[in-house]
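Thanks for coming, everyone. Let me put the structure up on the screen and then walk you through it piece by piece.

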Amino acid sequence: MAHPLEAIIRDAYAAFGRGDIDGYLRPCTEHFTFNVPGRGALAGSFRGKEGVSDLARRAMEISGGTFHEEVEDVLVNDHHAVVLCRHRFTRDGQSKDYRTAHVYEIADSKLAACWEHPRDQAELDDAWGPQR
C-alpha cells in the first residue's frame, strides 16, 4: 500500500512542472530548503518560496524554458522521501539529460528539506554550466 505522502509529492512535482511554485510548496514546511550540490550554475541552498522561485527561474533561464523533469519513482515513509528523476533540457544548443535523486526530510508530515543527489556530479555540473 502506498504511503499517503506519495500522491501529495507526485502532485507537488506536477505543479512544479506547470510552473506553479505555490503548488510545489504546499506540502512543504514554511522554512523548506532545497539543496543542490556541486559547482554548477544551480549549486546552492534555496530556502522558502523566494529561494525555490529563484531556483526555478534560474533553471528556466539557463535552459531557455526547455527544462523538463520526469518523476520515475517515489519512495516514502514517515521520515524520508526519495524522488527518482530524469532531467532533460537544452543549453546553448546542446541536449542535456541526467538522472538524479531528491532526498527529502519529513517533519510533521511535511517536506522540510531536500538534498539533490545526482548519479554523476560532474554530469550535473556540466549540464548546467559554470556558476555565474
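So, β3 and β4 pair in the antiparallel sense, over eight bridges. Two strands pair here if DSSP finds at least two bridges between them. The names come from DSSP runs numbered from the N terminus: helices are H or I with at least four residues, strands are E with at least two. A hairpin of three residues joins β3 to β4, and if you look along this pairing, His68 stands opposite Arg88 in β4.

Before I go on, a word about what you're looking at. This is a predicted model, with residues numbered from 1 along each chain as its sequence is written. Local features need pLDDT of at least 70, side-chain atom pairs count only at pLDDT 80 or more, totals for chains, interfaces and linings use all residues, and side-chain values use heavy atoms, with hydrogens and water left out.

Okay, zoom out to the sheet. In what order do the strands of the open sheet come? The order is β2-β1-β6-β5-β4-β3, six strands with mixed pairing. At the edges sit β2 (44-47) and β3 (68-76), each pairing on one side only. On average, neighbouring strands of this sheet are turned by 20° against each other, direction ignored. For angles like that, axes are lines fitted to C-alpha atoms, for helices over the stretch in contact, and the angles run from 0 to 180 degrees between N-to-C directions.

Now the helices on the sheet. Helix α1, residues 4-17, lies across β3, β4, β5 and β6, and runs at about 170° to β3. Helix α4 lies across β1, β4, β5 and β6, at about 115° to β5.

Let's stay with α4 for a moment. It covers residues 121-128, and Leu124, Asp125, Ala127 and Trp128 are buried. Seen down the axis of α4, these buried residues fall within an arc of 160°, so they line one face of the helix. That arc is taken from the directions from the helix axis to the C-beta atoms. By buried I mean under 20% relative accessible area, with exposed over 50% and partly exposed in between, using a 1.4 Å probe and protein chains only.

What covers those buried residues of α4? The cover includes β1 (28-36), α3 (48-62), β4 (80-91), β5 (94-107) and β6 (110-118). Contact, by the way, means heavy atoms within 4.5 Å.

And the ends of α4? Asp120 caps the N-terminal end, with a side-chain oxygen 3.0 Å from the backbone nitrogen of Ala122. Just after α4, Gly129 takes a positive phi of about 80°.

On to the rings. A pair of aromatic rings is described by the distance of the centres and the angle of the planes. Rings of Phe, Tyr and Trp (its six-membered ring) pair if their centres lie within 6.5 Å; planes under 30 degrees apart are stacked, over 60 edge-to-face, and the rest tilted. By that rule the count is eight aromatic pairs. One of them is Tyr13 with Tyr104, edge-to-face, 6.5 Å centre to centre and 80° between the planes. Tyr13 lies in helix α1 and Tyr104 in strand β5, so the pair ties together parts that are 91 residues apart in sequence. Both Tyr13 and Tyr104 are buried. Tyr24 and Phe32 also form an edge-to-face pair, with 6.1 Å between centres and 70° between planes, and Tyr24 and Phe32 are buried too. Ring pairs link Tyr13, Phe16, Tyr24, Phe32 and Tyr104 into a cluster.

Next, Thr33, which lies in strand β1. Is Thr33 buried or exposed? Thr33 counts as buried, at 16% relative accessibility. A polar atom of its side chain lies 3.3 Å from the backbone oxygen of His31; a polar contact is a pair of N or O atoms within 3.5 Å, and within protein one must be able to donate a hydrogen and the other to accept it, while residues adjacent in sequence count only if both atoms are side-chain atoms. Leaving aside neighbours within four places in sequence, Thr33 is in contact with Ser45, Phe46, Arg47, Ala112, Ala113 and Cys114.

Last stop, the loops. Most residues other than glycine have a negative phi. Asp92, in the loop between β4 and β5, has a positive phi near 55°, and Asp92 counts as exposed at 68% relative accessibility. Asp108, in the loop between β5 and β6, has a positive phi of about 50° and is exposed at 77%.
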